[in-house]
Amino acid sequence: QVQLVESGGGLVQAGGSLRLSCAASGGTLSSPAMAWFRQAPGKERELVAAISQRGAAYPESTKGRFTISRDNDKNTLWLQMNSLKSEDTAVYYCAAFQGKYYSGGVRDTDFTAWGPGTQVTVSS
């Protein structure tokens, strides 16, 4: 089973950029799908971006501003965040699909491996 650890969070002003990384280790097989989720205090965890054989998927809240990518050689997942807004403030989590075949689901329940999260704070 894979172990995930996020890094790169911090404080940034609105309009700025930040890059998050997720290091994966301990897995005997690479995940066919990975994703970034975020959760703000008092709110439900929501999808930030997902990547799989089907390509990348983004919700309207991040599309055009965020970019998800994967470095398979280094077992690292990345999230480039540009034009940050105060509403982007949240704990960001890296997640991996733990199965052989991925059908394209992007709900949090579709992913079974999670990192501890990294805080992103955007000041206005």
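**Starting with one residue**

Trainee: Let's pick T62: is it buried or exposed?

Mentor: T62 is buried, with a relative accessible area of 0%. Buried means under 20% relative accessible area, exposed means over 50%, and partly exposed is in between, using a 1.4 Å probe and counting protein chains only. The model is predicted, so local features need pLDDT of at least 70 and side-chain atom pairs count only at pLDDT 80 or more, while totals for chains, interfaces and linings use all residues. Residues are numbered from 1 along each chain as its sequence is written, and side-chain values use heavy atoms, with hydrogens and water left out.

Trainee: Where does T62 sit?

Mentor: T62 is in the loop between β6 (55–57) and β7. The strands are DSSP runs of E with at least two residues, numbered from the N terminus.

Trainee: And which residues does T62 touch?

Mentor: Leaving aside neighbours within four places in sequence, T62 is in contact with R38 and V48. Contact means heavy atoms within 4.5 Å. With V48, a polar atom of the T62 side chain lies 2.8 Å from the backbone oxygen. A polar contact is a pair of N or O atoms within 3.5 Å; within protein, one must be able to donate a hydrogen and the other to accept it, and residues adjacent in sequence count only if both atoms are side-chain atoms.

Trainee: OK, zooming out. How many helices and strands does the chain have?

Mentor: There are 0 helices and 11 strands. The chain's radius of gyration is 14 Å, close to the 14 Å that the globule rule gives for 124 residues, so it is as compact as a globular protein of that length. That radius is taken over C-alpha atoms, and the rule is 2.2 Å times the number of residues to the power 0.38.

Trainee: What size of box do the C-alpha atoms fill?

Mentor: Roughly 45 × 25 × 25 Å, taken along the principal axes. Of the 124 residues, 39% count as buried. Residues 24 or more positions apart make up 59% of the chain's contacts with a separation of 6 or more.

Trainee: Back to the strands. What is the order in the open sheet of 4 strands?

Mentor: The order is β1-β3-β8-β7, with antiparallel pairing. Two strands pair if DSSP finds at least two bridges between them. At the edges are β1 (3–7) and β7 (66–71), each pairing on one side only.

Trainee: How are β1 and β3 joined?

Mentor: By 5 bridges, in the antiparallel sense. E6 has C22 in β3 as its bridge partner.

Trainee: What about β3 and β8?

Mentor: Strand β3 (residues 18–25) and strand β8 (residues 76–81) pair antiparallel over 6 bridges. L20 stands opposite L79 in β8.

Trainee: New topic: how covered is β4?

Mentor: Strand β4 (residues 33–39) is mostly covered, with 6 of its 7 residues buried. Antiparallel to β4 runs β5 (residues 46–52), joined by 6 bridges. F37 has L47 in β5 as its bridge partner. The two strands form a hairpin with 6 residues between them, and G42 in the turn has a positive phi of about 75°.

Trainee: Does β4 sit with β9 in a parallel or antiparallel sense?

Mentor: Antiparallel, over 6 bridges. In β9, A95 is the bridge partner of A35.

Trainee: What surrounds A35?

Mentor: A35 is buried, with a relative accessible area of 0%. Not counting residues up to four places away in sequence, A35 touches L47, A49, A50, I68, L77, Y93, C94, A95 and F111.

Trainee: Last one: which residue has a positive phi although it is not a glycine?

Mentor: That's S83, with a phi of about 50°. S83 is in the loop between β8 and β9 (90–96), and S83 is partly exposed, with a relative accessible area of 41%.
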